[in-house]
Amino acid sequence: HPDDQANISEIIAKAVKDQQSFIFNYRITDARGNNKTLQSYGDVICDQNGEAIKMAGTLQDITERKDAEDKIAKTLQQLNEAQQMAHIGSWEWDVIANEITWSDELYSILGLLPNQFVPTFEEYLNYIHPDDKEIVNSIIEEALENKQAFKFDHKILRKDGVVRMANANGIVSSNIEGNVVKVSGIV
């Protein structure tokens with residue numbers, strides 16, 4: 001593809017100059033007029049004097065993978081936009097690894113920026129209004145123990161001191177042995 005030619009030339013020239021491996025993606029149009037995305041891996045081969053004499057590598061058609069990645073990116077963008085419009089934040093807690101991911105909108109609801117901290121259940125409890133902290137913790141513990149969905153209203157206390165009402169909904173997922181592995185929900 002004409003838009004990729006200059007970049008590819010630079011990558012190859014740098015690989016030869018630095019005598020290093022390279023990897024890059026580029027687009028082509030095949031004989032039938034179909035656009036494809038290819039990925040090239042390669043190495044620069046040098047002679048005994050350290051001079052680059054040839055390159056060897058592989059070429060792989062990654063069109064389907066690239067199309068799938070683009071579709072996923074678009075879907076995630078649409079989800080983020082929908083969450084912003086509806087003012088709904090989502091989250092997922094990997095109970096085994098004790099790792100939680102929050103959507104950007106959940107950070108926004110709490111008056112935070114995503115790069116301010118790594119979310120944890122304990123951190124979320126810090127944003128629950130003191131009047132509701134005990135009941136929220138109790139509801140989550142009961143849901144984990146009984147492996148059941150939950151839904152409740154509670155007050156949150158944002159970092160800027162603003163108190164807001166929130167509605168939380170979640171589901172508990174178990175593995176085949178019946179052990180809780182994930183909890184996910186919305187606020």
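Rings of Phe, Tyr and Trp, the last by its six-membered ring, pair if their centres lie within 6.5 Å; planes under 30 degrees apart count as stacked, over 60 as edge-to-face and the rest as tilted. One of the pairs joins Trp 91 and Phe 150: the ring centres are 6.4 Å apart and the planes are at 20°, so this pair is stacked. Trp 91 lies in strand S4 and Phe 150 in strand S6, so the pair ties together parts that are 59 residues apart in sequence.

Some bookkeeping. Residues are numbered from 1 along each chain as its sequence is written, and side-chain values use heavy atoms, with hydrogens and water left out. As this is a predicted model, local features need pLDDT of at least 70 and side-chain atom pairs count only at pLDDT 80 or more, while totals for chains, interfaces and linings use all residues. Helices (H or I, at least four residues) and strands (E, at least two) are DSSP runs, numbered from the N terminus.

Now the sheet. Three strands form an open sheet in the order S1-S2-S3, with antiparallel pairing; two strands pair if DSSP finds at least two bridges between them. Strand S1 (22-29) and strand S3 (52-61) are the edges, each pairing on one side only. From one strand to the next the twist averages 30°. For angles, axes are lines fitted to C-alpha atoms, for helices over the stretch in contact, and values run from 0 to 180 degrees between N-to-C directions.

S1 pairs with strand S2 (residues 35-46) over 8 bridges. Within that pairing, Tyr 26 stands opposite Leu 38, and Arg 27 has Thr 37 as its bridge partner. The two strands form a hairpin with 5 residues between them, and Gly 33 in the turn has a positive phi of about 90°. S2 and S3 pair over 9 bridges, with Gln 39 partnered by Gln 60 in S3. Their hairpin also has 5 residues between the strands, and there Gly 50 takes a positive phi near 85°.

Helix H1 (residues 2-18) lies across S1, S2 and S3, at about 155° to S1. Helix H2 (residues 63-86) lies across S2 and S3, at about 120° to S2. Contact here means heavy atoms within 4.5 Å.

Back to Trp 91. Its strand, S4, pairs with strand S8 (residues 180-186) in the antiparallel sense over 5 bridges, and Trp 91 stands opposite Gly 185 in S8. S8 also pairs with strand S7 (residues 163-174), antiparallel, over 6 bridges.

On a 1 Å grid over the protein atoms alone, a cavity is a set of points where a 1.4 Å probe fits but cannot get out, and lining residues have an atom within 4 Å of a point. Of the 15 lining residues, the closest to the centre are Trp 91, Phe 121, Tyr 124, Ile 140 and Val 187. S6 gives the largest share of the lining, 3 residues. By class, the lining has 13 nonpolar, 2 polar and no charged residues; Ala, Val, Leu, Ile, Met, Phe, Trp, Tyr, Cys and Pro count as nonpolar, Asp, Glu, Lys and Arg as charged, and the others, Gly among them, as polar.

Definitions and conventions: On a 1 Å grid over the protein atoms alone, a cavity is a set of points where a 1.4 Å probe fits but cannot get out, and a pocket is an open set with protein on both sides within 12 Å along at least five of seven lines; lining residues have an atom within 4 Å of a point.
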